Amino acid sequence: MSSSTKRHSMMPRAGTLPKAPVNLSSSVVIHDNAVLTGNHTINISSETVIHPRNKLDSSNGRVTIGRRCIIHERVQIGAPSADPTKGEFGVTLEDYVTVEVAAIIESGCTTIGEGCLIGVGARIGRGAKLGKHCTITARSVIQPGEQLPDFTVLYSNGTRRIDRRGVTELKNKAQARQIDIMRKLIPTNLARFKD
Amino acid sequence: MSSRKQVKGEYIETDTGNKVSRKANLIGTQHIMLGGKTVIMADAMVRGDLTRTASAAGSSGGAPQSNTSIFIGRYCFLSRGCCLRPPGRIYKGAFTYMPLRIGDHVFVGENSVVQAATIGSHVHIAANAVVGEFAIVKDYVRILEGTVIPANMVIPSFSVVGGQPGRVIGEVPEGGHDQFEMRDMYKTVGNNIPPPASPGHLAV
C-alpha cells in the first residue's frame, strides 16, 4: 500500500470509530468534525449547538443532551472514568447547559442540571450530580459521585459559594441569542451523523 | 495558505515565514491573519470561523469592515493542543464574537486556552493556562502554568500572573525581558532543521 507516504489526517474519521445510534432533533447544530460514537443511544434535543472536535461517547451508557445546550470544542462527554462500570445511563445534560472548551464529563449516571456552566478544562467525575444553574469555573475538578446543590459556584480549586444574583432568566435568554448566531456560523450536516 | 508546490514535511511554510503544522486545526482560515514567522504546532486549534456578526459602531460610516476574527503578530508560537478562540458577548441586544488580537513574540503553551480580547507583545503563556473572555493582557507579561485568568481581567505590563483565579503575583525583573524573545524558538521548528550547532537556550 502506498498509504504510508500519504499524509494522515488527524481528524477523527467516520470509519475509525463506530457511529453511535443517534436521536437528533432537526434544529440541532453539529459541526462536521464532532464525533458521536458508542453503542448506546445519543439523544440531542432541539437547538443545541455542538462545536468541532467534540467527542460524545456513549459506549459506557446513554448520553442525553437537553434543549439549547452549547458544547464548545474538544469537550469529551461520556469519557470513561478510572473504574468504568457499564450502565444504562451515561451522562444527562439538562436544558441550557454550557460546556466550555476541553471540559471532560465522565460517564456513569452523571447529571448536569439545567443552566449549568462547566468552565474551560473542568472535569466532572463519574456519577456526579450538579443541581440547577451551577457554575464550575475553569480547571475545576468534581470528584466522582459528588453532589452540588442548585446555584453552587465552584471556584479557586474547590471553594464554593451560592449564586444569589437571580439572573437565570437573563442567562437563558443570552444563551438563546448565542445559539441564533452559532446557527449561522457553524455549518452542519445532520445526515452525516444519522443511520 | 501558500499555493506553491510544497515539499512534504510536517510543516507548511508560507512565503512570510509562518510554519503551520499539517496536523493543526485551523477552522475558518480566511478569517485568521498571521503576521509572519509564526509557528503553529500540531493539534493547536484556532477558531477563525467565529467571526463578528454585529456591525461595528455607526462611526465607520458603513464601510465594509474586515471580518477577520483572529489577528496574530510576528514570531508567535502556538504549542501543541492550545486553543485560540475569539471572545463573544451580547452587544446591542445581539450576541456577537469580537476579534482576538495577539501581538508579536507571544508564546502559548500546551493545552492553554486563550479567549482574550487582546494579548500584547512579548507575552509568555505557560502550559495549561486559561485566559478568560475579554481579558486584556499588556506587553511583557508572564502567565504561569495552570493559571486561570478570569473574564474581563486587565493585566498590566511586566506582570507575573499565577493562581486560580489568576492574580498578579510579581513583576518581571529588570533585564528579564530578554527571555520573551522568540526568534530562537522559531528556528527550532520546521521541516529541515539543521542539528543544533551550539547548545542554544530556549526560553521555555
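Let's start with what helix 1 of chain A packs against: its buried residues sit against strand 2 (29-30), strand 5 (49-50), strand 8 (70-71) and strand 11 (98-99) of chain A, together with strand 10 and strand 11 of chain B. This is a predicted model, in which local features need pLDDT of at least 70 and side-chain atom pairs count only at pLDDT 80 or more, while totals for chains, interfaces and linings use all residues. Residues are numbered from 1 along each chain as its sequence is written, and chains are lettered from A and ligands numbered from 1 in the order in which they are written.

A few terms, quickly. Helices (H or I, at least four residues) and strands (E, at least two) are DSSP runs, numbered from the N terminus. Buried means 20 or more other C-beta atoms within 10 Å of a residue's own, exposed means 12 or fewer, and partly exposed is in between, with C-beta atoms placed from the backbone. A contact is a pair of residues whose C-beta atoms, again placed from the backbone, lie within 7 Å.

Back to the helix. Which residues of helix 1 of chain A are buried? They are Q175(A), Q178(A), I179(A) and M182(A). These four cover an arc of only 110° around the axis, which puts them on the same side of helix 1 of chain A; the arc is that of the directions from the helix axis to the C-beta atoms. On the face turned away from that buried side you'll find the exposed residues E169(A), L170(A), K173(A) and K184(A). The length works out as well: at 1.5 Å a residue, the 18 residues of helix 1 (residues 168-185) should span 26 Å, and the end C-alpha atoms are 26 Å apart, which agrees. That expected span is 1.5 Å times one less than the number of residues.

Chain A has 1 helix and 21 strands, and 49% of its 195 residues are buried. Chain B comes to 1 helix and 23 strands, with 46% of its 204 residues counted as buried. If you like contact order, take the contacts with a separation of 6 or more: in chain A, 31% of them are between residues 24 or more positions apart. For chain B, 38% of the contacts between residues at least 6 apart join residues at least 24 apart.

Next, the interface. 22 residues of chain B are in contact with 23 residues of chain A. On the chain B side, strand 3 (25-27), strand 10 (88-91) and strand 11 (94-97) each give two or more residues, and strand 11 gives the most, with 3 residues. That side has 11 nonpolar, 7 polar and 4 charged residues, where Ala, Val, Leu, Ile, Met, Phe, Trp, Tyr, Cys and Pro count as nonpolar, Asp, Glu, Lys and Arg as charged, and the others, Gly among them, as polar.

On to the sheets, where two strands pair if DSSP finds at least two bridges between them. Chain A has an open sheet of 7 strands in the order 1-4-7-10-13-16-19, with parallel pairing. Strand 1 (22-24) and strand 19 (147-148) stand at the edges, each with a single partner strand, so one side of each is left without a neighbour in the sheet. Inside the order, 3 bridges join strand 4 (residues 42-44) to strand 7 (residues 62-65) of chain A, and I42(A) stands opposite V63(A).

Have a look at strand 20 (residues 152-155) of chain A too. Strand 20 of chain A runs parallel to strand 17 (residues 135-136), with 2 bridges, and antiparallel to strand 21 (residues 159-162), with 4 bridges. T135(A) has V153(A) as its bridge partner, and T152(A) has I162(A). The hairpin of strands 20 and 21 of chain A has 3 residues between the strands, and S156(A) takes a positive phi near 50° there.

Finally, one residue in chain B: F134(B), in the loop between strand 17 (130-131) and strand 18 (136-137) of chain B. Why does F134(B) count as partly exposed? Because it has 19 C-beta neighbours inside 10 Å. Beyond residues up to four places away in sequence, F134(B) touches P87(B), R89(B), A117(B), A151(B) and N152(B).

Key. Contact = placed C-beta atoms within 7 Å.
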